[in-house]
Amino acid sequence: MFSRLGQVARHLTRPSLNLSSTPTFTSPSLTPPLLRTPSPKMTSSVLPKNKRTIHTAACLIIGDEVLGGKTIDTNSAFFAKFCFSLGIQLKRIEVIADDESEIIEAVRRMSDRYDFVVTSGGIGPTHDDITYESIAKAFGLNLKLHQAAFERMKKLSKPHPMQPNFDWDTPSPSLTAKLRMVEIPHDESVPLEEQAVFVADDMWVPIAIVNGNVHILPGVPRLFERLLEHLKPNLLPRLVNPEGKGIYRYLFSTPLPESTVAPYLTELATRVASKNIKVGSYPRWGNKRNTVTLVGTDKEFMDSLIAEVEQNVEGTKVTREDELDPPSDAEEGK
């Protein structure tokens with residue numbers, strides 16, 4: 001019986017002898033030259049991550065001090081405005097602890113899902129600054145002294161007044177601590193200049209770049225903001241709009257309550273979704289006017305909606321939310 005089944009199986013798997021059918025070629029090497037399909041042009045999705053068009057972004061704030069309430073995070077807010085000004089869709093902001101497993105999980109996930117990832121914090125000289133080490137482990141890399149960064153550090157930084165005997169060429173605990181800040185994840189398969197960039201001549205701090213799209217920045221707001229601003233020229237050629245015109249936000253001040261404008265805004269949001277325009281409504285508690293917003297990149301289309309929105313919300317397009325606020329009750333009583 002099994003022999004018979006084997007014969008049937010072999011018969012069913014024999015190639016068809018129908019010569020009138022169109023032949024199918026399963027290997028490029030077997031395809032006649034004239035019938036071969038040309039190789040498709042390389043698209044953004046198959047380019048290396050550091051060459052792809054930047055559509056989306058994510059921000060990872062790392063620090064026990066933020067989660068514990070000791071430090072107020074301002075870097076994510078700055079990054080949100082930075083992305084908005086360049087037309088990049090910021091999709092996610094996360095705050096996590098100085099915990100190796102959490103950093104590894106988050107940075108892998110963000111690198112996989114978003115085009116431009118920025119981390120903030122955890123690259124100082126102390127034992128709890130573990131961002132470089134954790135991100136290196138996330139992508140199977142080792143830490144390596146970035147010699148150019150070390151030379152810039154020696155040139156541009158000054159020893160602390162409380163370290164009068166510090167010497168760059170003499171091993172010491174202080175030197176070991178400083179070296180932690182220039183030992184960055186290193187990938188042998190990637191050119192060194194693509195793994196760290198110096199964006200300001202008067203700053204020794206590099207922006208380490210891992211897996212092509214993870215940019216490691218310090219948590220100190222002054223440094224974080226300055227490095228990002230100086231990174232902008234590197235990003236512009238990779239934006240959907242290389243001129244960096246960004247996203248537009250139109251504000252409409254309305255005296256109507258949200259429940260009154262809700263039906264119209266729901267209909268409008270559905271109608272403009274295909275144009276990637278987002279419609280928002282924001283109550284302003286304690287004020288007599290609320291705010292409706294249009295957010296998008298198609299300025300001409302958004303301009304065409306101004307009169308319609310103003311009519312339907314009985315409001316006015318403004319440049320500031322409080323532009324048309326009437327005097328408060330306290331001010332009226334003066």
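**A tour of selected salt bridges, sheet and aromatic pairs**

Select lysine 232 and glutamate 229 to begin: their side chains meet in a salt bridge at 3.4 Å, N to O (a salt bridge is a side-chain nitrogen of Lys or Arg within 4 Å of a carboxyl oxygen of Asp or Glu). This is a predicted model, in which local features need pLDDT of at least 70 and side-chain atom pairs count only at pLDDT 80 or more, while totals for chains, interfaces and linings use all residues. Residues are numbered from 1 along each chain as its sequence is written, and side-chain values use heavy atoms, with hydrogens and water left out.

Lysine 232 and glutamate 229 both belong to helix H8, three residues apart, or about one turn of the helix. Helices (H or I, at least four residues) and strands (E, at least two) are DSSP runs numbered from the N terminus. Lysine 232 is partly exposed at 24% relative accessible area, and glutamate 229 is partly exposed at 38%. Here buried means under 20% relative accessible area, exposed over 50%, and partly exposed in between, for a 1.4 Å probe and protein chains only.

Next, select aspartate 325 and arginine 284, whose side chains form a salt bridge of 2.8 Å, N to O. This pair links distant parts of the chain, 41 residues apart: aspartate 325 lies in the loop between strand S12 (316–318) and helix H11 (329–332), and arginine 284 in the loop between strand S10 (278–282) and strand S11 (290–296). Aspartate 325 is partly exposed at 24% relative accessibility, whereas arginine 284 is buried at 12%. A network of salt bridges can also be displayed by selecting Arg92, Glu94, Glu105 and Arg109. The structure holds 13 salt bridges.

Turn now to the open sheet, whose six strands follow the order S2-S1-S3-S8-S7-S6 with mixed pairing. Strand S2 (89–96) and strand S6 (196–197) are at the edges with a single partner strand each, so one side of each has no neighbour in the sheet. Within the sheet, strand S3 (residues 116–120) and strand S8 (residues 214–217) pair in the parallel sense over four bridges; strands pair if DSSP finds at least two bridges between them. Valine 118 stands opposite histidine 215 in S8. Helix H8 (residues 221–235) packs on the sheet, touching S3, S6, strand S7 (207–210) and S8, and its direction makes about 160 degrees with that of S3. Contact means heavy atoms within 4.5 Å; axes are lines fitted to C-alpha atoms, for helices over the stretch in contact, and angles run from 0 to 180 degrees between N-to-C directions.

Among the aromatic residues, select phenylalanine 79, phenylalanine 82 and phenylalanine 116, which form one aromatic cluster. Rings of Phe, Tyr and Trp (its six-membered ring) pair if their centres lie within 6.5 Å; planes under 30 degrees apart count as stacked, over 60 as edge-to-face and the rest as tilted. By this rule there are four aromatic pairs. Phenylalanine 79 and phenylalanine 116 form a tilted pair, 5.8 Å centre to centre with 50 degrees between the planes. Phenylalanine 79 lies in helix H3 and phenylalanine 116 in strand S3, so the pair ties together parts 37 residues apart in sequence. Phenylalanine 79 is buried at 0% relative accessibility, and phenylalanine 116 is buried with a relative accessible area of 0%.

Finally, select phenylalanine 150 and tryptophan 168, an edge-to-face pair at 6.0 Å centre to centre and 70 degrees between the planes. Both residues are buried.
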